[in-house]
Amino acid sequence: MEKLFVCQVCGHVEFGQAPQNCPVCFAPKDKFIADNNAVMPSEKEGKEKHVPQIMITDDCGLIPDVCRDIHIKIGSVPHPMVPDHWITWIDIYVNKAYSARYMLTPNMQPAVSIHLKKEHSGVLTVIEHCNKHGRWMAEAKL
């Protein structure tokens, strides 16, 4: 597995090496630590409520012809979204390069939909953070 670096301020994960500044919270490079255990193994107990499920369609209802819809829900079984146990954020990467963070609250469902330019190919990576069970990851081919 590629080396992982974690921002100690916001929990963002970078692949390969720490960036000069965190793309989420802008913390400097010295706030990152190497942690190859930053993401739970996909076969770990609890995976059914934590591993992101990724659905990709080339048909976009908002921006036809140049956009693809990507729907992400957390877990094959619904994850709780209550004040003491919820998915706090979902990070999106295209070819291991950070693209976006979606913040969630207990008032929301553990899911997001994004609109990605069709020109992107390669691998979409999704990392989610559960406030009780840490980070979990899934990937899908674009």
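**Entry 1: the model.** I am working with a predicted model. I keep that in mind for each entry below.

**Entry 2: counting salt bridges.** How many salt bridges does a search of the whole structure find? I got three. Side chains of opposite charge can pair when their charged atoms come close. I then took the pairs one by one.

**Entry 3: D58 and R68.** I looked up D58 and found a salt bridge to R68. The closest N and O atoms are 3.0 Å apart. This pair links distant parts of the chain, ten residues apart. D58 sits in the loop between strand 4 and strand 5, while R68 belongs to strand 5. Next I checked the cover on each partner. Is R68 buried or exposed? R68 has a relative accessible area of 8%, so I noted R68 as buried, since buried means under 20%. D58 has a relative accessible area of 42%, so D58 went down as partly exposed.

**Entry 4: R101 and D91.** I turned to R101, whose side chain meets that of D91 in a salt bridge. The N to O distance is 2.7 Å. Which strands hold the two residues? R101 lies in strand 7, residues 97–103. D91 lies in strand 6, residues 87–94. The pair therefore ties together parts that are ten residues apart in sequence. R101 is buried, at 16% relative accessible area. D91 is buried too, with a relative accessibility of 0%.

**Entry 5: E139 and K96.** My next pair was E139 and K96, whose side chains form a salt bridge at 2.5 Å, N to O. How many residues apart are E139 and K96? I wrote down 43. E139 is in strand 10, residues 134–141. K96 is in the loop between strand 6 and strand 7. E139 is partly exposed, at 42% relative accessibility. K96 is also partly exposed, with a relative accessible area of 28%.

**Entry 6: a nonpolar patch.** Which residues make the nonpolar surface patch? I found L62, I63 and V66. Their patch covers about 300 Å². I then picked out I63, one of the three. I63 lies in the loop between strand 4 (52–57) and strand 5 (67–74).

Technical notes
Residues are numbered from 1 along each chain as its sequence is written. This is a predicted model: local features need pLDDT of at least 70, side-chain atom pairs count only at pLDDT 80 or more; totals for chains, interfaces and linings use all residues. Side-chain values use heavy atoms; hydrogens and water are left out. Patches are made of residues with over 30% relative accessible area and no salt bridge: like charges are joined within 9 Å, nonpolar side chains (Val, Leu, Ile, Met, Phe, Trp, Tyr) within 5 Å. Accessible areas come from the Shrake-Rupley method with a 1.4 Å probe; for residues, only the protein chains shown count as cover. A salt bridge is a side-chain nitrogen of Lys or Arg within 4 Å of a carboxyl oxygen of Asp or Glu. Helices (H or I, at least four residues) and strands (E, at least two) are DSSP runs, numbered from the N terminus. Buried means under 20% relative accessible area, exposed over 50%, partly exposed in between (1.4 Å probe, protein chains only).
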